Structure formats: C-alpha cells, structure tokens
Amino acid sequence: MIQVLERVVSILDYLSQNSTREVPLSELADNLGMNRPTCANIMKSLKDVGYVEQTDYRGGYILGDKLYSLTGSNMNSQKIVHQIKPLADRLSRALNEDIAFSVIRGDRRIILYKVGSNHSIVTRFEDDMKVWRATSARVIVARYGSEELKNFIKMVGMPGSEWAEVTNHQELLAKLAEYRSQPCTTVINKSHFACLAAPVFAKGKVMGSISCYLPDIRLGDGRKELIEEKLIQTAEAINNLFA
C-alpha cells in the first residue's frame with residue numbers, strides 16, 4: 001500500500017511540474033520507473049475519483065478539478081492552459097511576437113503559459129513578478145470589484161517603488177480606473193520595451209490577462225493598434241471559452 005501511495009504522489013507531482021501540457025501514459029511510466037500496465041491501473045483509479053483527467057479517450061493526462069477543490073481553489077490552471085494554448089499560439093504566429101497568459105497568486109503575477117517569437121531582439125520577461133510591477137497584473141486588479149480590491153490592497157499593500165506613477169491611495173484608484181476604461185493597456189518602460197495586456201474572464205469574473213511583449217521600436221506604423229486589436233480579439237475568444 002505504501003508503495004502505491006508513493007507512486008500516486010510521484011504521478012501527481014510529475015503532472016504538476018508539466019502543467020502546461022498533457023502528459024502521455026508512456027512518459028509517466030518511463031520517467032517514474034513503472035511498468036505501463038501498473039501505471040495505467042493507477043491512472044484509471046485517479047481518473048475515477050477526479051484527481052486526473054483526459055481531454056479525450058486516447059489523450060494524455062492533466063490534473064483534475066477534484067484535486068484543485070481540495071486546496072480550496074476553483075481554478076484548474078492546467079485545464080485553463082490547455083484551452084487557451086491554441087489561441088495564444090495562433091496570436092503569436094500572427095504577430096510574430098512574445099505572448100503570455102498570466103494570473104495573480106497572492107502578491108505575485110505568475111505566467112502560466114508563454115510562446116516566443118523568432119525576432120533577434122526579444123523581451124526577457126519574468127515568469128514570477130511582484131503584482132504592482134507588472135502591467136499584465138495591473139489590468140487584472142483593475143477589474144476587481146470594490147470589496148475585492150479593498151481586500152487585495154490590504155493584503156499586498158500599496159505599490160511604493162513598484163509603480164512610480166502612484167504615490168497614494170487616490171492615485172492608485174485613478175490609475176486602476178484608467179486601466180479599467182481600456183480594453184487593452186499599453187505601457188512602455190524606461191528600457192524601451194512595451195507590454196500590451198488585455199484582461200480575460202471566466203463566467204464574468206476576471207481570471208487573468210493575455211499580453212504581448214516587444215521592443216517599442218516595433219510599435220510604429222500602426223502596429224500598436226494592430227497588436228491591441230488582436231489581443232482584444234484573443235481575449236474575447238478566451239472569454240467565450242469560459243463563459
């Protein structure tokens with residue numbers, strides 16, 4: 001029994017570490033040192049209780065909703081990434097720019113999925129960043145309801161040096177209102193790199209953002225407007241997936 005539990009923990013840990021894709025049974029078995037029939041039996045049991053899922057009969061495995069519910073979370077990040085990945089990939093191909101899908105976890109902005117361009121000059125964006133530093137996080141916070149925003153500020157504190165344009169509570173509310181008025185927000189930093197970000201929603205509640213990162217030199221000749229338009233279209237397509 002102890003050996004089975006150890007194998008279950010190893011499987012769930014492996015799926016968690018590879019949360020941006022479906023993991024084939026053969027890969028699980030081979031990498032975790034199990035024979036495939038044994039691994040298949042364990043996966044069937046985990047699937048029956050909702051701890052893992054398959055997107056189709058012969059597909060690979062992802063963590064299941066039941067596992068997330070045990071942690072008090074209603075967001076299955078792995079399933080979300082699986083669904084938005086084709087849209088993010090298509091957007092990156094259309095623009096040939098770096099695209100990321102981000103969420104907020106505590107006081108951090110976390111990139112759940114990203115896809116790069118083939119330009120020689122690209123933006124080096126951080127997968128994990130303090131919330132107030134990231135445009136892709138600010139557009140999410142700007143869509144919080146008044147009580148949720150109040151509690152969030154109480155939890156993470158004021159931006160301080162992480163948002164130079166904001167020095168007090170009133171300025172913070174004003175900037176968030178400005179972000180909220182825009183379907184897509186564009187910010188260019190002192191290093192001349194730009195982030196363009198649009199919020200995405202699940203059942204009417206903001207859950208993350210889709211963003212594009214590039215040097216500002218590539219924003220001329222109407223390209224800024226084109227990127228904003230494509231980001232908004234992609235955000236709307238994601239919203240429809242989770243309506």
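I began at Asn18, which is in contact with Val23 and Gln78 once its neighbours within four places in sequence are left aside; contact here means heavy atoms within 4.5 Å. I kept in mind that this is a predicted model, where local features need pLDDT of at least 70, side-chain atom pairs count only at pLDDT 80 or more, and totals for chains, interfaces and linings use all residues. Residues are numbered from 1 along each chain as its sequence is written, and side-chain values use heavy atoms, with hydrogens and water left out.

**Asn18, continued.** I placed Asn18 in the loop between helix 1 (2-17) and helix 2 (25-32). Helices are DSSP runs of H or I with at least four residues, strands are runs of E with at least two, and both are numbered from the N terminus. Is Asn18 buried or exposed? Asn18 is buried, at a relative accessible area of 17%; the cut-offs are under 20% for buried, over 50% for exposed and partly exposed in between, with a 1.4 Å probe and protein chains only. I also found its side chain reaching the backbone oxygen of Tyr14 at 2.9 Å.

**Helix 2 with helix 3.** Next I looked at this pair, whose axes come within 9 Å and cross at roughly 115°. Axes are lines fitted to C-alpha atoms, for helices over the stretch in contact, and angles run from 0 to 180 degrees between N-to-C directions. Leu25, Ser26, Leu28, Ala29 and Asp30 of helix 2 make the contact with Arg36, Cys39, Ala40 and Met43 of helix 3. I sorted these residues into 6 nonpolar, 1 polar and 2 charged. For the classes, Ala, Val, Leu, Ile, Met, Phe, Trp, Tyr, Cys and Pro count as nonpolar, Asp, Glu, Lys and Arg as charged, and the others, Gly among them, as polar.

**Helix 5 with helix 9.** Here the axes of helix 5 (residues 77-95) and helix 9 (residues 223-241) come within 10 Å and cross at roughly 165°. From helix 5, I noted Gln83, Ile84, Leu87, Leu91 and Leu95; their partners in helix 9 include Leu226, Lys230, Thr234 and Leu241. By class, this contact has 10 nonpolar, 2 polar and 2 charged residues.

**Ser209.** I found Ser209 in strand 8 (residues 205-215), buried with a relative accessible area of 0%. A polar atom of its side chain lies 2.7 Å from the backbone oxygen of Ser136. Beyond four places in sequence, its contacts include Phe101, Val139, Ile140 and Pro199.

**Gly50.** This residue sits in the loop between helix 3 (36-48) and strand 1 (52-54). Gly50 is buried at 18% and touches Gly64, Asp65, Lys66 and Leu67, not counting residues up to four places away in sequence.

**Positive phi.** Which phi does Asp221 have? Asp221 has a positive phi of about 55°, although it is not a glycine. I located Asp221 in the loop between strand 8 and helix 9, where it counts as exposed at 87% relative accessibility. His192, also not a glycine, has a positive phi of about 65°, and its place is the loop between strand 6 (185-188) and strand 7 (193-202).

How values were computed
Polar contact = N/O pair within 3.5 Å; in protein donor to acceptor, adjacent residues only side chain to side chain.
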